[in-house]
Amino acid sequence: MDELQIRKVAEHNDLITSIAKMDKTPLKIFELAVSHIDTKEPPKDNVIYLSKRELFSFFDVSDSNKHSRFKEAVEKMQKQAHFKIKINKKRGFEFESIVPIPTVKWNDYDDKVFIRFNPDIMPYLIELETKFTQYAISDIMDLNSKYAIVLYKWLCMNYNQSEYYMVNGKRNQQQLEEYQNPIISVKDLREMTDTVEEYKAIKDFSIWVLNRPLEEITKNTHFNVTYEKIKKGRSIESIQFHIVKKENWKDENYKRNDAQAQLTEEQKQAQNQVNYAVAVASPFTMKLISASLLYATDIANQDKILELAESVYPIYDNLVKELGEGALETHLDYVRRKMVDYSNEKKNIVKYLSVSATQYLSSRLSMKQMKKED
């Protein structure tokens with residue numbers, strides 16, 4: 001469960017907006033399986049292994065029937081579950097219907113569950129240079145309806161774009177606000193949630209597809225979400241969502257693992273002192289000081305330094321491994337020069353550095369891949 005708290009899911013936006021023809025349990029099994037995919041080193045033969053213990057923890061199942069219930073869920077997923085993907089091409093829309101996981105194997109004497117993805121679904125899970133969305137699998141774990149899962153992923157897709165463009169400056173303030181307050185037609189929302197033939201009355205639709213799922217999302221994820229109905233004449237034509245990120249949840253690692261939470265206050269303070277000393281001694285701390293992105297007052301702030309070590313330094317480490325020391329120095333110099341343009345974000349330097357480094361690394365890796373292909 002500790003690993004689940006920090007694991008992420010990444011999916012192409014075309015899959016995010018597709019129609020999931022399955023109920024919540026097969027959908028959650030699929031999401032959990034996707035969280036095991038390393039996009040840099042895709043699984044051989046499209047195969048990953050889940051742990052039964054992790055599966056049962058993920059679904060909070062502890063009763064004596066858990067094995068038979070798992071078997072039923074897998075069989076239902078293979079018999080009924082598929083994605084209907086709608087792709088916008090120059091000449092019009094192209095449609096794909098894909099059974100995501102055609103093969104699952106397990107036995108009575110081993111903890112491993114063999115899962116093979118359909119090759120046709122893999123491009124939506126590993127070819128993620130552009131137009132993809134990332135979110136925490138632990139958020140999905142706490143959602144108890146299919147509609148909450150579908151809406152949460154779509155809300156992430158929009159809000160993540162606002163954070164991306166906030167850093168690279170390619171959108172104005174109005175456009176950023178549109179990502180944080182996205183509008184979708186009722187027709188498109190019904191298609192995405194697979195409720196074209198269900199909840200015909202707008203009152204029922206509001207209760208089961210909007211109100212209750214959004215209550216789940218607000219309670220269990222890093223978003224507070226409200227909505228309003230937009231009328232055309234006397235009928236409801238569109239829904240506008242209003243997404244606010246909870247300030248007290250960390251940008252990249254906002255759910256603490258249970259082991260840390262169970263430490264005594266004295267143990268936490270002692271561990272934090274050790275982690276703080278290690279973080280201050282990190283070469284990345286000195287680079288931030290040299291780039292005038294950290295000051296003496298920041299170094300004295302233990303919480304800030306610990307957050308940097310937790311949320312930013314791993315990204316820098318990956319950046320150096322992939323692109324070299326020079327790329328990091330170029331990036332930090334750019335961030336320093338652009339910091340004035342984001343004066344509001346300077347209040348949260350950790351978030352700013354985390355988002356900017358993530359987007360810089362992603363864009364440089366994409367360029368690197370394009371040069372290879374050329």
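The structure is a predicted model, in which local features need pLDDT of at least 70 and side-chain atom pairs count only at pLDDT 80 or more, while totals for chains, interfaces and linings use all residues. Residues are numbered from 1 along each chain as its sequence is written, and side-chain values use heavy atoms, with hydrogens and water left out.

As for the overall make-up, the protein chain holds 17 helices and eleven strands, taken as DSSP runs (H or I, at least four residues, for helices; E, at least two, for strands) and numbered from the N terminus. Of its 374 residues, 44% are buried, that is, under 20% relative accessible area, with exposed meaning over 50% and partly exposed the range in between (1.4 Å probe, protein chains only). The accessible surface is about 20,400 Å², and carbon and sulfur atoms supply 47% of it; these areas come from the Shrake-Rupley method with a 1.4 Å probe, and for residues only the protein chains shown count as cover.

Confidence is given as pLDDT, the predictor's score for each residue from 0 to 100. The protein chain averages 83, and 87% of the residues score at least 70. Where pLDDT is low, the predicted coordinates should not be read in detail.

Now for one of the sheets. Three strands make an open, antiparallel sheet in the order E9-E11-E10, where strands pair if DSSP finds at least two bridges between them. E9 (183–185) and E10 (223–232) sit at the edges with a single partner strand each, so one side of each has no neighbour in the sheet. From one strand to the next, the twist averages 25°. Three antiparallel bridges link E9 to E11 (residues 235–245), and Ile-183 stands opposite Gln-240 in E11. Helix H10 (residues 202–220) lies across E10 and E11, at about 160° to E10; axes are lines fitted to C-alpha atoms, for helices over the stretch in contact, and angles run from 0 to 180 degrees between N-to-C directions.

Aromatic rings come next. Rings of Phe, Tyr and Trp (its six-membered ring) pair if their centres lie within 6.5 Å, with planes under 30 degrees apart called stacked, over 60 edge-to-face and the rest tilted. The count comes to 15 aromatic pairs. One of them, Tyr-152 with Phe-223, is tilted, at 6.1 Å centre to centre and 50° between the planes. Tyr-152 belongs to helix H7 (residues 146–168) and Phe-223 to strand E10, so this pair ties together parts 71 residues apart in sequence. Both Tyr-152 and Phe-223 are buried. Tyr-164 and Tyr-165 have ring centres 4.8 Å apart and planes at 70°, so they pair edge-to-face. Tyr-164 is partly exposed at 27% relative accessibility, whereas Tyr-165 is buried at 14%. One aromatic cluster takes in Tyr-135, Tyr-152, Tyr-159 and Phe-223.

Tyr-135 also turns up around Glu-31, a residue of helix H2 (residues 24–34): beyond four places in sequence, the contacts of Glu-31 are Val-9, Glu-11, Tyr-135, Ile-137, Ile-140 and Lys-153. Glu-31 is buried, with a relative accessible area of 0%.

Notes
Contact = heavy atoms within 4.5 Å.
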